[in-house]
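I want to go through the contacts here one at a time and jot down what I find.

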Number of protein chains: 2
Amino acid sequence: MHLSAKLKYAVCAMLELGLQYQNQFISVTTLAEKRCIPGPFLEKLLLQLKHAGLTTSRRGPDGGYSLALPPDKIRIGDIFSAVEGPVNFTKGFETQEATEIGDFFAEIEKDVREALNTKTLQELCCHARKCKQLSQPPHQHPFFI
Amino acid sequence: MHLSAKLKYAVCAMLELGLQYQNQFISVTTLAEKRCIPGPFLEKLLLQLKHAGLTTSRRGPDGGYSLALPPDKIRIGDIFSAVEGPVNFTKGFETQEATEIGDFFAEIEKDVREALNTKTLQELCCHARKCKQLSQPPHQHPFFI
DNA sequence: TTATTCCTTACCAAATAAGTCTGGTTAATG
DNA sequence: CATTAACCAGACTTATTTGGTAAGGAATAA
């Protein structure tokens, strides 16, 4: 039970947009190169995220994509459901099973949804920034005293 | 993001086995008819559940399948991972992303796993029994006073 | 008006999912 | 000990989904 490549691309792209939030728009090409995502595939993906209300875009030169909301207003679960559709554990059980099993699974579904919704893109960004700091040689600040 | 047909079949079958726990073995054919699951498909599925340690079986006449453990020792998450493999949100990120995103997702993964593991087959069985009682006309008990 | 970028649609190949078919192996029973 | 009822194992089929490509249209800054 692993994540689809598409979802991983989406998280990756959203992370990058989150790190650059409030700077300029980022073109699909730039983002694709930076994050090693197949260009045309990313294009469709970002559009899908736009339709879900998570990204926004501008055409023409210096255009590109950007987050539609501040990172702390975007939950990881929002990215999941934008890409894979909403978490739904109850659909598809036959009528008899709908009550017998469906009701029961509705509770589990709620817990899973909650697990995905407690963390935000903001938190992912913070985590990523911390990683970057640790992995890079400490910057030599000019030393005033 | 819905459940696969296979997983639904599995839950359904395990529920039936749970309801019949400590009675005789149930043949694949009987179970398939009772729960409207394609026979040969169910056969493979029950075998898979057996390999995961959730069911046990006996061959020959009057043989069939049964739970390998009491229903309260089987968590819903156990059925999930027996069928779909263990929940794994971290695999498949590139080396760079492994720390940047993987670590972060490990926590989410833990929460999801927990959501699936807090409920047991026992609880599902109780719920199903309650449903059955409600849906059936109340049995006319002999009245002693 | 032109270069740059998003947007739309259609298409393709490979993998997975869902399900079938055939034949073998085990074990209870008369 | 033959028969029969069941599980077991594998190859095979078909349809859907996934991951990805290609080509052209529409908007916008310079």
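**DNA strand C**

I started with the surface near DNA strand C, where α3(A) has the largest share, with four residues. "Near" here means that a residue's C-beta atom, placed from the backbone, lies within 6 Å of the molecule or strand. Helices (H or I, at least four residues) and strands (E, at least two) are DSSP runs, numbered from the N terminus.

Before going on, I noted that this is a predicted model, where local features need pLDDT of at least 70, side-chain atom pairs count only at pLDDT 80 or more, and totals for chains, interfaces and linings use all residues. Residues are numbered from 1 along each chain as its sequence is written, while chains are lettered from A and ligands numbered from 1 in the order in which they are written.

(Ala, Val, Leu, Ile, Met, Phe, Trp, Tyr, Cys and Pro count as nonpolar, Asp, Glu, Lys and Arg as charged, and the others, Gly among them, as polar.)

I looked up B:Thr56 and found B:Ser66 in β2(B) as its bridge partner.

**DNA strand D**

Next I checked DNA strand D, which has 25 residues around it. A:Ala5, A:Pro38, A:Gly60, B:Ser27 and B:Val28 come nearest. I logged nine nonpolar, seven polar and nine charged for that surface.

**Chain B against chain A**

I found 36 residues of chain B in contact with 37 of chain A, contact being C-beta atoms, placed from the backbone, within 7 Å. α5(B) gives the most to chain B's side, 11 residues. That side divides into 21 nonpolar, six polar and nine charged residues.

**Two helices in chain A**

Last, I took α1(A) and α4(A), whose axes come within 10 Å and cross at roughly 135°. That makes α1(A) oblique to α4(A). (Angles under 35 degrees count as roughly parallel, over 145 as roughly antiparallel, 65 to 115 as roughly perpendicular and the rest as oblique; axes are lines fitted to C-alpha atoms, for helices over the stretch in contact, with angles from 0 to 180 degrees between N-to-C directions.) Among the residues meeting there are A:Leu7 in α1(A) and A:Phe80 in α4(A).

Notes: Contact = placed C-beta atoms within 7 Å. Pairing = 2+ DSSP bridges.
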